[in-house]
Amino acid sequence: MTNLGLRERDARAIAEIGRLRFSPLSLVGGRGNRLIEEGGREVLDLSGSAGPALLGYGHPAIVEAVEKSIRNMAGASLLLYPNEPAVSLAEKLLAITPGEGDRRVWFGHSGSDANDCALRVLAAATGRPRFISFIGSYHGNLSGSMGISGHTAMTHTLPRPGVLLLPYPDPYRPRFSAEAVLSMLDYQFETTCPPDQVAAVFIEPLMSDGGLIVPPPGFLKALQERCRRHGIRIVVDEVKVGLARSGLIHCFEHEGLAPDMVVFGKALGGGLPLSAVVGPREIMDHAPAFALLTTAGNPVATAAGGAVLKAIEDEHLAERSARIGKLFADGLRTLADRHEIIGEVRGRGLAVGVDLVVDRATREPVPATTTAKIIYRCYELGAALTYVGLKANVLEFMPPLTLTEDEAAEGVAIVDRAIADVMAGKVADADVASFMMW
(Lines give C-alpha, C1' and ligand atoms only; values in the text may rest on other atoms or scores of the structure.)
Protein backbone atom coordinates (compact mmCIF):
# COMPACT_ATOMS: atom_id res chain seq x y z
CA MET A 1 0.00 0.00 0.00
CA THR A 2 1.07 3.58 -0.57
CA ASN A 3 -0.05 6.88 0.86
CA LEU A 4 0.90 8.75 -2.30
CA GLY A 5 -1.81 10.47 -4.33
CA LEU A 6 -2.58 9.47 -7.88
CA ARG A 7 -0.59 12.36 -9.39
CA GLU A 8 2.53 11.36 -7.46
CA ARG A 9 2.12 7.71 -8.43
CA ASP A 10 1.62 8.75 -12.06
CA ALA A 11 4.85 10.78 -11.98
CA ARG A 12 6.79 7.84 -10.55
CA ALA A 13 5.38 5.12 -12.82
CA ILE A 14 4.25 6.56 -16.19
CA ALA A 15 6.84 7.53 -18.81
CA GLU A 16 7.10 11.21 -19.58
CA ILE A 17 7.14 10.45 -23.33
CA GLY A 18 3.65 8.98 -23.08
CA ARG A 19 1.73 11.71 -21.29
CA LEU A 20 0.48 15.26 -21.62
CA ARG A 21 -0.84 16.88 -18.46
CA PHE A 22 -2.79 20.14 -18.69
CA SER A 23 -3.92 20.35 -15.05
CA PRO A 24 -3.75 18.43 -11.77
CA LEU A 25 -6.86 16.42 -12.75
CA SER A 26 -6.41 12.79 -11.63
CA LEU A 27 -9.25 10.43 -12.42
CA VAL A 28 -10.95 7.56 -10.66
CA GLY A 29 -14.12 7.47 -12.77
CA GLY A 30 -16.50 9.13 -15.18
CA ARG A 31 -20.24 9.47 -15.62
CA GLY A 32 -22.09 11.07 -18.53
CA ASN A 33 -20.20 14.23 -19.48
CA ARG A 34 -18.42 14.44 -16.13
CA LEU A 35 -15.03 13.16 -15.02
CA ILE A 36 -14.65 12.04 -11.42
CA GLU A 37 -11.34 12.98 -9.87
CA GLU A 38 -9.56 11.53 -6.88
CA GLY A 39 -11.55 12.70 -3.87
CA GLY A 40 -14.88 12.42 -5.67
CA ARG A 41 -15.30 15.87 -7.23
CA GLU A 42 -17.01 15.85 -10.64
CA VAL A 43 -15.52 17.98 -13.42
CA LEU A 44 -17.31 18.96 -16.64
CA ASP A 45 -15.42 17.41 -19.55
CA LEU A 46 -15.03 19.95 -22.34
CA SER A 47 -12.27 18.00 -24.11
CA GLY A 48 -13.76 14.52 -24.50
CA SER A 49 -10.39 13.17 -23.33
CA ALA A 50 -8.93 14.92 -26.41
CA GLY A 51 -11.68 13.53 -28.62
CA PRO A 52 -12.25 9.79 -28.00
CA ALA A 53 -15.13 10.19 -25.54
CA LEU A 54 -17.67 11.00 -28.23
CA LEU A 55 -20.54 9.61 -26.12
CA GLY A 56 -19.16 10.67 -22.76
CA TYR A 57 -18.56 8.05 -20.07
CA GLY A 58 -20.63 4.99 -19.26
CA HIS A 59 -23.00 5.46 -22.21
CA PRO A 60 -25.48 2.55 -22.09
CA ALA A 61 -24.87 1.60 -25.73
CA ILE A 62 -21.12 1.23 -25.16
CA VAL A 63 -21.56 -0.61 -21.88
CA GLU A 64 -24.01 -3.10 -23.38
CA ALA A 65 -21.93 -3.74 -26.49
CA VAL A 66 -18.67 -4.25 -24.60
CA GLU A 67 -20.21 -6.43 -21.91
CA LYS A 68 -21.95 -8.64 -24.47
CA SER A 69 -18.80 -8.96 -26.56
CA ILE A 70 -16.40 -9.69 -23.75
CA ARG A 71 -18.68 -12.29 -22.12
CA ASN A 72 -18.70 -14.30 -25.36
CA MET A 73 -15.45 -13.13 -26.91
CA ALA A 74 -15.02 -14.10 -30.57
CA GLY A 75 -11.28 -14.50 -30.30
CA ALA A 76 -8.94 -11.60 -29.71
CA SER A 77 -7.65 -10.86 -33.19
CA LEU A 78 -8.87 -10.08 -36.70
CA LEU A 79 -5.48 -11.05 -38.05
CA LEU A 80 -6.02 -14.82 -37.96
CA TYR A 81 -9.77 -15.18 -38.51
CA PRO A 82 -12.83 -13.00 -39.04
CA ASN A 83 -15.05 -12.04 -36.14
CA GLU A 84 -18.62 -10.78 -36.34
CA PRO A 85 -18.22 -7.38 -34.61
CA ALA A 86 -15.24 -6.40 -36.80
CA VAL A 87 -16.78 -7.47 -40.11
CA SER A 88 -20.09 -5.84 -39.17
CA LEU A 89 -18.34 -2.55 -38.27
CA ALA A 90 -16.38 -2.61 -41.54
CA GLU A 91 -19.62 -3.01 -43.47
CA LYS A 92 -21.16 -0.07 -41.60
CA LEU A 93 -18.14 2.15 -42.28
CA LEU A 94 -18.31 1.33 -45.98
CA ALA A 95 -22.02 2.17 -45.97
CA ILE A 96 -21.65 5.60 -44.35
CA THR A 97 -18.42 6.70 -46.05
CA PRO A 98 -18.82 8.15 -49.56
CA GLY A 99 -16.62 6.58 -52.20
CA GLU A 100 -16.56 4.91 -55.58
CA GLY A 101 -15.70 1.39 -56.66
CA ASP A 102 -14.77 -1.63 -54.58
CA ARG A 103 -13.36 -0.61 -51.20
CA ARG A 104 -11.92 -2.25 -48.10
CA VAL A 105 -11.40 -1.41 -44.41
CA TRP A 106 -8.29 -1.79 -42.26
CA PHE A 107 -8.51 -1.63 -38.45
CA GLY A 108 -5.91 -0.36 -36.01
CA HIS A 109 -5.73 1.04 -32.49
CA SER A 110 -5.30 4.81 -32.98
CA GLY A 111 -5.19 7.57 -35.54
CA SER A 112 -1.42 7.35 -35.41
CA ASP A 113 -1.29 3.78 -36.67
CA ALA A 114 -4.11 4.35 -39.16
CA ASN A 115 -2.33 7.27 -40.84
CA ASP A 116 0.89 5.27 -40.71
CA CYS A 117 -0.87 2.40 -42.48
CA ALA A 118 -2.30 4.69 -45.16
CA LEU A 119 1.13 6.16 -45.80
CA ARG A 120 2.87 2.82 -46.15
CA VAL A 121 0.26 1.10 -48.29
CA LEU A 122 -0.03 4.08 -50.64
CA ALA A 123 3.72 4.25 -51.20
CA ALA A 124 3.91 0.52 -51.82
CA ALA A 125 0.86 0.22 -54.07
CA THR A 126 1.47 3.32 -56.21
CA GLY A 127 5.25 3.13 -56.43
CA ARG A 128 5.33 6.84 -55.65
CA PRO A 129 7.51 7.70 -52.63
CA ARG A 130 6.48 11.29 -51.91
CA PHE A 131 3.60 12.91 -50.02
CA ILE A 132 2.08 16.35 -49.50
CA SER A 133 0.99 17.57 -46.08
CA PHE A 134 0.68 20.87 -44.21
CA ILE A 135 2.60 22.93 -41.71
CA GLY A 136 0.58 22.68 -38.51
CA SER A 137 -0.81 19.24 -39.30
CA TYR A 138 -0.74 16.39 -36.80
CA HIS A 139 -1.27 12.93 -38.26
CA GLY A 140 0.11 10.81 -35.47
CA ASN A 141 3.02 9.81 -33.31
CA LEU A 142 4.49 6.77 -35.03
CA SER A 143 7.55 7.15 -37.21
CA GLY A 144 5.57 7.23 -40.46
CA SER A 145 2.63 9.36 -39.38
CA MET A 146 4.95 11.71 -37.50
CA GLY A 147 7.11 12.02 -40.61
CA ILE A 148 4.27 13.63 -42.60
CA SER A 149 3.14 15.89 -39.74
CA GLY A 150 4.12 19.53 -39.54
CA HIS A 151 3.36 20.63 -35.99
CA THR A 152 5.84 22.73 -34.05
CA ALA A 153 5.71 20.22 -31.20
CA MET A 154 7.37 17.67 -33.52
CA THR A 155 10.44 19.55 -34.70
CA HIS A 156 12.62 17.09 -32.80
CA THR A 157 11.75 14.50 -35.46
CA LEU A 158 12.72 15.22 -39.06
CA PRO A 159 10.01 15.03 -41.74
CA ARG A 160 9.88 12.00 -43.99
CA PRO A 161 12.36 12.39 -46.88
CA GLY A 162 10.61 13.89 -49.87
CA VAL A 163 7.54 15.15 -48.02
CA LEU A 164 6.26 18.55 -49.17
CA LEU A 165 4.89 20.65 -46.31
CA LEU A 166 2.68 23.53 -47.42
CA PRO A 167 1.27 26.38 -45.30
CA TYR A 168 -2.36 25.82 -44.27
CA PRO A 169 -4.12 29.10 -45.07
CA ASP A 170 -5.49 30.70 -41.91
CA PRO A 171 -8.25 33.28 -42.52
CA TYR A 172 -7.58 34.88 -39.12
CA ARG A 173 -3.87 35.31 -39.77
CA PRO A 174 -3.71 35.46 -43.58
CA ARG A 175 0.04 35.34 -43.99
CA PHE A 176 -0.51 32.91 -46.86
CA SER A 177 -3.74 33.17 -48.83
CA ALA A 178 -5.39 30.14 -50.40
CA GLU A 179 -4.29 31.43 -53.80
CA ALA A 180 -0.69 31.83 -52.61
CA VAL A 181 -0.56 28.27 -51.27
CA LEU A 182 -1.97 26.84 -54.47
CA SER A 183 0.60 28.88 -56.41
CA MET A 184 3.36 27.43 -54.22
CA LEU A 185 2.11 23.94 -55.02
CA ASP A 186 2.07 24.68 -58.76
CA TYR A 187 5.65 25.95 -58.57
CA GLN A 188 6.79 22.89 -56.62
CA PHE A 189 5.20 20.66 -59.25
CA GLU A 190 7.08 22.58 -61.94
CA THR A 191 10.44 22.36 -60.15
CA THR A 192 11.56 20.24 -57.20
CA CYS A 193 8.49 18.05 -56.62
CA PRO A 194 7.43 16.33 -59.87
CA PRO A 195 3.79 15.32 -59.32
CA ASP A 196 4.33 11.84 -60.74
CA GLN A 197 6.48 11.16 -57.65
CA VAL A 198 3.66 12.03 -55.23
CA ALA A 199 1.42 9.24 -53.97
CA ALA A 200 -1.06 11.31 -51.94
CA VAL A 201 -1.92 14.49 -50.12
CA PHE A 202 -2.96 14.20 -46.46
CA ILE A 203 -5.68 16.71 -45.58
CA GLU A 204 -7.23 17.76 -42.30
CA PRO A 205 -10.59 19.30 -43.28
CA LEU A 206 -10.44 21.25 -40.01
CA MET A 207 -6.88 21.63 -38.77
CA SER A 208 -7.28 20.66 -35.14
CA ASP A 209 -3.94 20.58 -33.33
CA GLY A 210 -2.70 23.39 -35.56
CA GLY A 211 -5.25 25.69 -33.91
CA LEU A 212 -8.80 24.65 -34.91
CA ILE A 213 -8.34 26.41 -38.26
CA VAL A 214 -11.29 26.39 -40.65
CA PRO A 215 -9.89 26.56 -44.20
CA PRO A 216 -10.95 29.33 -46.62
CA PRO A 217 -14.00 28.31 -48.68
CA GLY A 218 -13.03 26.41 -51.81
CA PHE A 219 -9.35 25.99 -50.94
CA LEU A 220 -9.38 22.25 -50.23
CA LYS A 221 -11.57 21.51 -53.22
CA ALA A 222 -9.19 23.44 -55.48
CA LEU A 223 -6.29 21.51 -53.98
CA GLN A 224 -8.13 18.26 -54.64
CA GLU A 225 -8.70 19.20 -58.28
CA ARG A 226 -4.98 19.97 -58.80
CA CYS A 227 -3.96 16.66 -57.29
CA ARG A 228 -6.54 14.69 -59.26
CA ARG A 229 -5.04 15.98 -62.51
CA HIS A 230 -1.77 14.26 -61.60
CA GLY A 231 -3.17 11.00 -60.22
CA ILE A 232 -2.35 12.03 -56.65
CA ARG A 233 -4.64 10.33 -54.13
CA ILE A 234 -6.68 12.33 -51.62
CA VAL A 235 -6.40 11.12 -48.01
CA VAL A 236 -8.65 12.84 -45.48
CA ASP A 237 -7.72 12.63 -41.81
CA GLU A 238 -11.02 12.58 -39.88
CA VAL A 239 -9.44 11.21 -36.71
CA LYS A 240 -10.25 14.17 -34.47
CA VAL A 241 -13.07 15.97 -36.27
CA GLY A 242 -15.06 13.17 -37.91
CA LEU A 243 -18.09 11.08 -36.98
CA ALA A 244 -20.66 13.84 -36.37
CA ARG A 245 -18.43 16.19 -34.39
CA SER A 246 -18.49 18.91 -37.05
CA GLY A 247 -22.27 18.89 -37.43
CA LEU A 248 -22.10 16.48 -40.37
CA ILE A 249 -21.20 12.80 -40.26
CA HIS A 250 -17.92 13.56 -42.03
CA CYS A 251 -16.12 16.88 -41.66
CA PHE A 252 -14.84 16.68 -45.24
CA GLU A 253 -18.44 17.05 -46.45
CA HIS A 254 -18.29 20.72 -45.44
CA GLU A 255 -15.57 21.18 -48.06
CA GLY A 256 -17.13 19.19 -50.89
CA LEU A 257 -14.25 16.72 -50.89
CA ALA A 258 -14.39 13.26 -52.47
CA PRO A 259 -11.50 11.46 -50.77
CA ASP A 260 -9.89 8.28 -52.02
CA MET A 261 -9.07 7.25 -48.46
CA VAL A 262 -10.58 8.27 -45.12
CA VAL A 263 -8.82 7.78 -41.79
CA PHE A 264 -10.87 7.35 -38.60
CA GLY A 265 -9.73 7.15 -34.98
CA LYS A 266 -10.39 8.55 -31.50
CA ALA A 267 -14.20 8.73 -31.43
CA LEU A 268 -14.68 5.52 -33.44
CA GLY A 269 -14.08 3.35 -30.36
CA GLY A 270 -16.11 5.49 -27.99
CA GLY A 271 -13.13 5.56 -25.65
CA LEU A 272 -11.67 2.17 -26.55
CA PRO A 273 -8.56 1.96 -28.77
CA LEU A 274 -9.84 1.68 -32.34
CA SER A 275 -9.01 3.24 -35.69
CA ALA A 276 -9.79 2.50 -39.31
CA VAL A 277 -8.78 3.29 -42.87
CA VAL A 278 -11.34 3.09 -45.66
CA GLY A 279 -9.87 3.00 -49.14
CA PRO A 280 -9.96 1.49 -52.64
CA ARG A 281 -9.43 -2.24 -52.95
CA GLU A 282 -6.47 -1.89 -55.32
CA ILE A 283 -4.62 0.00 -52.59
CA MET A 284 -5.91 -1.75 -49.48
CA ASP A 285 -5.37 -5.26 -50.86
CA HIS A 286 -1.74 -4.62 -51.83
CA ALA A 287 -0.49 -7.49 -49.68
CA PRO A 288 3.27 -6.74 -49.86
CA ALA A 289 2.63 -3.58 -47.82
CA PHE A 290 1.75 -5.72 -44.74
CA ALA A 291 0.10 -3.66 -42.00
CA LEU A 292 -0.42 -6.41 -39.44
CA LEU A 293 -1.39 -5.75 -35.80
CA THR A 294 -2.30 -8.80 -33.75
CA THR A 295 -5.07 -7.33 -31.62
CA ALA A 296 -6.38 -4.80 -34.15
CA GLY A 297 -10.02 -5.36 -35.05
CA ASN A 298 -10.58 -7.37 -31.88
CA PRO A 299 -14.26 -8.05 -31.13
CA VAL A 300 -14.49 -5.91 -27.99
CA ALA A 301 -13.19 -2.68 -29.53
CA THR A 302 -15.11 -3.18 -32.77
CA ALA A 303 -18.32 -3.96 -30.86
CA ALA A 304 -17.88 -0.59 -29.18
CA GLY A 305 -17.32 0.97 -32.60
CA GLY A 306 -20.57 -0.50 -33.85
CA ALA A 307 -22.37 0.94 -30.83
CA VAL A 308 -20.88 4.39 -31.53
CA LEU A 309 -22.14 4.42 -35.12
CA LYS A 310 -25.58 3.25 -34.03
CA ALA A 311 -25.78 5.92 -31.32
CA ILE A 312 -24.77 8.62 -33.81
CA GLU A 313 -27.70 7.61 -35.99
CA ASP A 314 -30.27 6.83 -33.28
CA GLU A 315 -29.57 9.96 -31.22
CA HIS A 316 -29.15 12.26 -34.25
CA LEU A 317 -25.77 13.35 -32.92
CA ALA A 318 -24.66 15.18 -36.06
CA GLU A 319 -27.66 17.47 -35.85
CA ARG A 320 -27.21 17.77 -32.09
CA SER A 321 -23.54 18.69 -32.50
CA ALA A 322 -24.45 21.45 -34.96
CA ARG A 323 -27.12 22.85 -32.63
CA ILE A 324 -25.29 22.62 -29.29
CA GLY A 325 -22.03 23.62 -30.94
CA LYS A 326 -23.58 26.85 -32.21
CA LEU A 327 -25.00 27.65 -28.77
CA PHE A 328 -21.64 26.97 -27.16
CA ALA A 329 -19.59 28.93 -29.72
CA ASP A 330 -22.02 31.84 -29.65
CA GLY A 331 -21.77 31.87 -25.86
CA LEU A 332 -17.99 32.00 -26.06
CA ARG A 333 -18.19 34.84 -28.59
CA THR A 334 -20.20 36.94 -26.16
CA LEU A 335 -17.23 36.74 -23.78
CA ALA A 336 -15.18 38.78 -26.25
CA ASP A 337 -17.19 41.83 -25.19
CA ARG A 338 -15.61 41.54 -21.74
CA HIS A 339 -12.24 39.99 -22.49
CA GLU A 340 -9.87 41.65 -24.98
CA ILE A 341 -7.73 38.53 -24.88
CA ILE A 342 -10.27 36.69 -27.06
CA GLY A 343 -9.27 37.29 -30.66
CA GLU A 344 -11.51 34.80 -32.46
CA VAL A 345 -13.88 31.92 -31.72
CA ARG A 346 -13.98 29.43 -34.59
CA GLY A 347 -14.70 25.84 -35.50
CA ARG A 348 -17.51 23.58 -36.63
CA GLY A 349 -20.11 21.85 -34.51
CA LEU A 350 -18.59 20.74 -31.22
CA ALA A 351 -15.03 21.32 -32.39
CA VAL A 352 -14.43 24.86 -31.15
CA GLY A 353 -11.29 26.92 -30.66
CA VAL A 354 -10.76 30.22 -28.85
CA ASP A 355 -7.75 32.09 -30.23
CA LEU A 356 -6.12 34.12 -27.44
CA VAL A 357 -4.21 37.26 -28.38
CA VAL A 358 -2.10 39.94 -26.72
CA ASP A 359 -3.58 42.58 -29.00
CA ARG A 360 -6.57 42.28 -31.31
CA ALA A 361 -5.10 44.71 -33.82
CA THR A 362 -1.85 42.80 -34.31
CA ARG A 363 -3.36 39.38 -33.45
CA GLU A 364 -0.14 38.48 -31.66
CA PRO A 365 -0.70 35.19 -29.80
CA VAL A 366 -0.54 35.20 -26.01
CA PRO A 367 2.36 33.34 -24.35
CA ALA A 368 1.73 29.66 -23.72
CA THR A 369 1.89 30.43 -19.99
CA THR A 370 -1.27 32.50 -20.24
CA THR A 371 -3.15 29.73 -22.05
CA ALA A 372 -2.01 27.21 -19.47
CA LYS A 373 -3.16 29.46 -16.63
CA ILE A 374 -6.67 29.73 -18.06
CA ILE A 375 -6.90 25.95 -18.39
CA TYR A 376 -5.56 25.52 -14.86
CA ARG A 377 -8.13 27.97 -13.50
CA CYS A 378 -10.91 26.23 -15.45
CA TYR A 379 -9.89 23.01 -13.72
CA GLU A 380 -10.10 24.71 -10.33
CA LEU A 381 -13.56 25.96 -11.25
CA GLY A 382 -14.74 22.54 -12.44
CA ALA A 383 -14.04 22.09 -16.17
CA ALA A 384 -11.42 20.14 -18.13
CA LEU A 385 -10.03 21.35 -21.45
CA THR A 386 -6.76 21.54 -23.39
CA TYR A 387 -4.87 23.90 -25.68
CA VAL A 388 -3.60 23.61 -29.26
CA GLY A 389 -2.01 25.84 -31.91
CA LEU A 390 1.50 26.34 -33.24
CA LYS A 391 1.97 28.98 -30.54
CA ALA A 392 -0.04 27.10 -27.86
CA ASN A 393 -2.53 29.96 -27.71
CA VAL A 394 -5.82 28.32 -28.66
CA LEU A 395 -8.24 26.89 -26.10
CA GLU A 396 -9.60 23.67 -27.60
CA PHE A 397 -13.09 22.36 -26.92
CA MET A 398 -13.93 18.80 -28.04
CA PRO A 399 -16.66 17.81 -25.56
CA PRO A 400 -18.80 14.68 -25.83
CA LEU A 401 -21.58 15.12 -28.38
CA THR A 402 -24.00 14.35 -25.56
CA LEU A 403 -23.26 17.78 -24.05
CA THR A 404 -26.50 19.45 -22.92
CA GLU A 405 -27.56 23.07 -23.32
CA ASP A 406 -27.18 23.59 -19.58
CA GLU A 407 -23.70 22.09 -19.61
CA ALA A 408 -22.71 24.29 -22.56
CA ALA A 409 -23.85 27.35 -20.59
CA GLU A 410 -21.98 26.08 -17.53
CA GLY A 411 -18.82 25.71 -19.61
CA VAL A 412 -19.09 29.24 -20.98
CA ALA A 413 -19.54 30.62 -17.46
CA ILE A 414 -16.46 28.76 -16.21
CA VAL A 415 -14.31 30.02 -19.10
CA ASP A 416 -15.59 33.55 -18.46
CA ARG A 417 -14.56 33.51 -14.83
CA ALA A 418 -11.28 31.72 -15.52
CA ILE A 419 -10.15 34.37 -18.00
CA ALA A 420 -11.13 37.14 -15.60
CA ASP A 421 -9.24 35.52 -12.73
CA VAL A 422 -6.11 34.92 -14.79
CA MET A 423 -6.08 38.48 -16.09
CA ALA A 424 -6.44 39.63 -12.47
CA GLY A 425 -3.28 37.71 -11.56
CA LYS A 426 -4.92 34.96 -9.52
CA VAL A 427 -2.85 32.15 -11.09
CA ALA A 428 0.93 32.15 -10.66
CA ASP A 429 3.56 30.99 -13.14
CA ALA A 430 4.60 28.31 -10.66
CA ASP A 431 1.08 26.85 -10.67
CA VAL A 432 1.35 25.88 -14.34
CA ALA A 433 5.06 25.16 -14.65
CA SER A 434 4.45 21.39 -14.85
CA PHE A 435 1.48 21.65 -17.23
CA MET A 436 3.14 23.11 -20.32
CA MET A 437 4.18 20.00 -22.22
CA TRP A 438 2.79 20.62 -25.72
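**A walk through the model**

This is a predicted model, in which local features need pLDDT of at least 70 and side-chain atom pairs count only at pLDDT 80 or more, while totals for chains, interfaces and linings use all residues. Residues are numbered from 1 along each chain as its sequence is written, and side-chain values use heavy atoms, with hydrogens and water left out.

Start with helix H4, residues 111-126. Helices (H or I, at least four residues) and strands (E, at least two) are DSSP runs, numbered from the N terminus. H4 reaches 22 Å from its first C-alpha to its last. Twelve of its 16 residues are buried, so H4 is largely enclosed by the rest of the structure; buried means under 20% relative accessible area, with a 1.4 Å probe and protein chains only. Among the buried residues are Asp-113, Cys-117 and Leu-122. After H4 comes Gly-127, with a positive phi near 75 degrees.

Next, take helices H6 (residues 178-190) and H7 (residues 219-229). In H6, Ala-178, Val-181, Leu-182, Leu-185 and Asp-186 meet Phe-219, Ala-222, Leu-223 and Arg-226 of H7, where contact means heavy atoms within 4.5 Å. Seven of the residues in this contact are nonpolar, none polar and two charged.

Why does Arg-348 count as buried? Its relative accessibility is 16%, and therefore Arg-348 is classed as buried. Apart from neighbours within four places in sequence, Arg-348 is in contact with residues including Pro-205, Arg-245, His-254 and Glu-255.

How values were computed: Buried < 20%, exposed > 50% of the residue type's maximum accessible area, 1.4 Å probe, protein only. Axes fitted to C-alpha atoms, helices over the stretch in contact; angles between N-to-C directions. Nonpolar A, V, L, I, M, F, W, Y, C, P; charged D, E, K, R; others polar. Expected span 1.5 Å × (residues − 1).
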